Amino acid sequence: MIAATELALVNALKQAGEDGQLGYTYRVHETFPDQFEEYLNENPNLRTPACWATFLGLLDGRDDGDGLGFQARSRFVVVVASSNKRNEEDTRHGDGAVPGSYQLAIDAIRVLSRSMLAPELSLIEPVRVRSARPVARTDQMKRQRVAMVAIECELVMPLGSFQEEAGDFERLHLDWDVPPHGNVQAPLPALTADARDDIEMPA
């Protein structure tokens, strides 16, 4: 669930770009690397715009006994990055042709705020943007003229629960679709089975 949420956050930005909402597309969209300086060192020509997401932790949660299991109020951070070979200011402000990190951050906030991300996540509450701040420039960021903004987001997601112990297995019902004898038209299983079995399990 946590990994899927990280991916859904960056995919929301990727999809917004591909749909033409932003006027640019993200060239990198991944989960945040463990050692970012090493990552930049291994990628000396970082393709931008770029975005990453990572999990910050659980704040609190509850289990109401309603079948949803534990509902976790969680925080994630989305980091957007721009680069510009002209000068450091243009990495933040943009130059009219290439967006700067400030524009990336504003657009990301617009995309993510109140988003339910992906239906399969079944979020309890949508994304709420809590803060946005520039990332202090490291040596590698300076060398590549990269500017980054970190956007902290909060959402509530269901973590589910282990199912209660199954009851006694008393009866088995089987429907059979028998290929040589017809009634095997898509979609399967057929509404009326070719054969049926009901097996009562001994007590």
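This is a predicted model: local features need pLDDT of at least 70, side-chain atom pairs count only at pLDDT 80 or more; totals for chains, interfaces and linings use all residues.
Residues are numbered from 1 along each chain as its sequence is written, and side-chain values use heavy atoms, with hydrogens and water left out.

Let's start with the sheet. We have five strands in an open, mixed sheet, ordered E1-E2-E3-E5-E4. Strands here are DSSP E runs of at least two residues, helices are H or I runs of at least four, both numbered from the N terminus, and two strands pair if DSSP finds at least two bridges between them. At the edges sit E1 (28–31) and E4 (125–134), each pairing on one side only. On average, neighbouring strands are turned by 25° against each other, direction ignored; axes are lines fitted to C-alpha atoms, for helices over the stretch in contact, and angles run from 0 to 180 degrees between N-to-C directions.

E4 and E5 (residues 146–160) are antiparallel, with seven bridges, and Pro134 has Val149 in E5 as its bridge partner.

Now the helices. H1 (residues 2–18) lies across E1, E2, E3, E4 and E5, at about 135° to E2. H4 (residues 101–112) lies across E3, E4 and E5, at about 15° to E5. Contact means heavy atoms within 4.5 Å.

Last, Thr48, in the loop between H2 (36–42) and E2. Buried or exposed? Buried, because its relative accessible area is 12%, and buried means under 20%, exposed over 50%, partly exposed in between, with a 1.4 Å probe and protein chains only. Leaving aside residues up to four places away in sequence, Thr48 touches Arg27, Ala81, Ser82 and Ser83.
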